[in-house]
Amino acid sequence: MKKNYFYTTILLVFFFCLNLSAQEAKPVLKQQETSAIEGLSMYPNPVSNGKVYIATKNDTDKEIIIFDLLGKKVLQTMLSARELNVSTLIPGVYIIKINEDNATATRKLIVR
């Protein structure tokens, strides 16, 4: 009987140590770092008139991608002016991703 407890204890210690070493061996994934867009402003939010204005310090061409809350891309466009037409979107909450030069910003967008 003592032999069974001894072997059970040895197996538990072995599995515990194996579990610890497996956790230590996992590589740590770093998030890809991107710089924020300098001077970004987006207004009005919530949007009720179908137009949102996006301004930055540089005011260069911007790639705009809008996702719904399930992650489905609902709108993708290049924006050279400040005015973005979102009148085709149904009322709800969206995630807007703005790419300008080598900088990226993500914001919540509410359409009423």
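Two strands count as paired if DSSP finds at least two bridges between them. With that in hand, here are some close-ups of this predicted model.

**View 1. The three-stranded sheet is open and antiparallel, with the order β1-β2-β5.** Its edges are β1 (41–43) and β5 (83–85), each pairing on one side only. From one strand to the next, the twist averages 25 degrees.

**View 2. Strands β1 and β2 meet through three bridges.** Here β2 covers residues 51–55, and the two strands run antiparallel. Look for methionine 42, whose bridge partner in β2 is isoleucine 54.

**View 3. A second open sheet holds four strands in the order β4-β3-β6-β7.** The pairing is antiparallel here, and β4 and β7 form the edges, each with pairing on one side only. Neighbouring strands are turned by 20 degrees against each other on average, direction ignored.

**View 4. Six bridges link β3 to β4, which run antiparallel.** One to find is that of glutamate 63, which has methionine 78 as its bridge partner in β4.

**View 5. The largest nonpolar core brings together 20 residues.** Those touching the most other members are Ile54, Ile64, Ile66, Leu84, Val86, Ile96 and Leu109. At least two core residues come from each of β2, β3 (62–68), β4 (73–79), β6 (92–100) and β7 (103–111). The largest share, four residues, is supplied by β7.

**View 6. Leucine 84 and its contacts.** Leaving aside residues up to four places away in sequence, leucine 84 touches Gly50, Lys51, Val52, Ile54, Ile64, Ile66, Thr77, Leu79 and Ile96.

Methods. Residues numbered from 1 in each chain as written. Predicted model: local features only at pLDDT ≥ 70, side-chain atom pairs only at ≥ 80, totals over all residues. Heavy atoms only, no water. Axes fitted to C-alpha atoms, helices over the stretch in contact; angles between N-to-C directions. Core = buried A, V, L, I, M, F, W, Y, C linked by side-chain atoms within 4.5 Å. Buried < 20%, exposed > 50% of the residue type's maximum accessible area, 1.4 Å probe, protein only. Contact = heavy atoms within 4.5 Å.
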